[in-house]
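Here are my notes on the model you sent over. Have the structure open while you read, and go through the points in order.

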Amino acid sequence: MSPSADANAIRVTFLGTSSGLPTRQRNVSGIAVQFPQRSEWWLFDCGEGTQHQLLRLDELRPSQLRRIFITHMHGDHIYGLPGLLASCGLGSTPERIDVYGPPGLEEYLKMVLRYSETRIPYPLRIHTVETGLILEEAEYSVFCAPLDHRVPAFGYRVVEQDRPGSFDVNKAQADGIPFGPLYGQLKAGQSITWQGRIFHGRDYVGDPIPGRKFSYCTDTIFCRNAVDLSRAADLVIHEATYAEADRDLACRAKHSTAAMAAQVAAEAKAQTLILTHFSPRYTPSAPITPEHLLAEAQAIFPNTHLAHDRLTYAIPRRMPAAPAPLAEDVGPSR
Ligand SMILES: [Zn+2]
Ligand SMILES: [Zn+2]
């Protein structure tokens, strides 16, 4: 699982993968998302120290941060937010930042900025989210739904819009259709008439390229909304605070075990699961290690990986399935 050089990949970078408090190896929650052919990037959660992690990643410039999505009001997800927003106001500033999150987020930010007499010199808009579609752009939509945690918490689902299939110029030329406006009509799926013959757009345009989807579900115990947010996702990012041996703790604190996260990915029929938000008790030298959590999840959902700080996972563009050969193409030769 290495960063891909694929220029069309959606890149997800983990800035913090510890739950509750930072450790020497892991900072608290934060995930950066970069999209193909766009300089702007988005942030999901902003635990304390997130801006220090960003300093170590040249490609994630604060001046290009455009949107921030906050899951809930626990400190390990928001204590870094006022500092990052203030730092964005120094030097070259972002064009604007939209912050999305639960009730209380706007008041929290306004109070911190007011009492610290921090002036934000760029447009900053704070949106209180509700279940459903919260953002729709030409290329991407974002949905959210409540999870099951000790305080109101929201999971997010990012969906890339499907793209039209590619137009087969060579075939059109070979069929004698002249370059020009007729190509546009065929591309749009219309039928045209040229020199007494009828040509159908569907014969020249490939299958649509399906958009990618990923979900971000933290903090939560296993819940149906996490499954719905993760439905058929290319990537599910799910918290796995505890091992199965500590299931009682998970239930009391309303966190997930690694097995619960795997159950979400399996029921959602997702492609890949990355676990994050690990309890600091599981170190490589502890009786239960992060590798144990991985094994517990993989027993249910084999394509599971462990996040670590500054891991980048590239979601490749999905290509449409190759069309099945026509019967006459595969029959015995006469
Ligand atoms: Zn947390
Ligand atoms: Zn929490």
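This is a predicted model: local features need pLDDT of at least 70, side-chain atom pairs count only at pLDDT 80 or more; totals for chains, interfaces and linings use all residues.

1. You'll find Thr71 in the loop between S4 and H2. Its side chain has a polar contact of 2.9 Å with the side chain of His72. Setting aside neighbours within four places in sequence, Thr71 also contacts a list of residues that includes Asp45, His77, Pro102, Tyr156, Tyr216 and Thr218.

2. Which residues hold the zinc ion (ligand 2)? The protein donors are His72 (NE2), His74 (ND1), His149 (NE2) and Asp219 (OD), at 2.2 to 2.3 Å. Along the chain, these donors follow the spacing H-x1-H-x74-H-x69-D. The site joins distant stretches of the chain: His74 sits in the loop between strand S4 (65-69) and helix H2 (75-78), while His149 is 75 residues away in the loop between strand S8 (140-146) and strand S9 (154-160).

3. As for burial, His74 is at 18% relative accessibility, so it is counted as buried. His149 is buried too, with a relative accessible area of 7%.

4. Now the other metal. The zinc ion (ligand 1) is coordinated by Asp76 (OD), His77 (NE2), Asp219 (OD) and His277 (NE2), with distances of 2.1 to 2.3 Å. Here the sequence spacing reads D-H-x141-D-x57-H. This site also ties together distant parts of the chain, with Asp76 in helix H2 and Asp219 in the loop between S12 and helix H7 (224-229), 143 residues apart. The angles among the four donor atoms of the zinc ion (ligand 1) run from 93 to 163°, and the site is irregular.

5. What bridges the two metals? Asp219 does, and the zinc ion (ligand 1) and the zinc ion (ligand 2) lie 3.6 Å apart. Both Asp76 and Asp219 are buried.

6. Next, the packing. The largest nonpolar core has 27 residues, of which Trp42, Phe44, Tyr156 and Phe214 touch the most other members. Among the strands that each supply at least two residues of this core are strand S1 (10-16), strand S2 (30-34), strand S3 (41-46), S8 and S9. A second, separate core of 25 residues includes Leu65, Ile68, Val99 and Leu113.

7. Finally, have a look at helix H4 (residues 105-115). Its buried residues include Leu105, Tyr108, Leu109 and Leu113. These cover an arc of only 120° around the axis, so they lie on the same side of H4. On the face turned away from that buried side are the exposed residues Glu107, Lys110, Arg114 and Tyr115. The cover over the buried residues of H4 includes H2, helix H3 (81-88), strand S5 (97-101) and strand S6 (124-128). After H4 comes Glu117, with a positive phi near 50°.

Methods
Residues are numbered from 1 along each chain as its sequence is written. Chains are lettered from A and ligands numbered from 1 in the order in which they are written. Side-chain values use heavy atoms; hydrogens and water are left out. Donors are N, O and S atoms within 2.8 Å of the metal (3.2 Å for Na, K and Ca); water is not among the atoms, so sites may look incomplete. Helices (H or I, at least four residues) and strands (E, at least two) are DSSP runs, numbered from the N terminus. Buried means under 20% relative accessible area, exposed over 50%, partly exposed in between (1.4 Å probe, protein chains only). A nonpolar core is a set of buried Ala, Val, Leu, Ile, Met, Phe, Trp, Tyr and Cys residues joined through side-chain atoms within 4.5 Å. The arc is that of the directions from the helix axis to the C-beta atoms. Contact means heavy atoms within 4.5 Å. Four donors count as tetrahedral if all angles lie between 85 and 135 degrees; four count as square planar and six as octahedral if opposite donors are over 155 degrees apart and all others between 65 and 115; anything else is irregular. A polar contact is a pair of N or O atoms within 3.5 Å; within protein, one must be able to donate a hydrogen and the other to accept it, and residues adjacent in sequence count only if both atoms are side-chain atoms.
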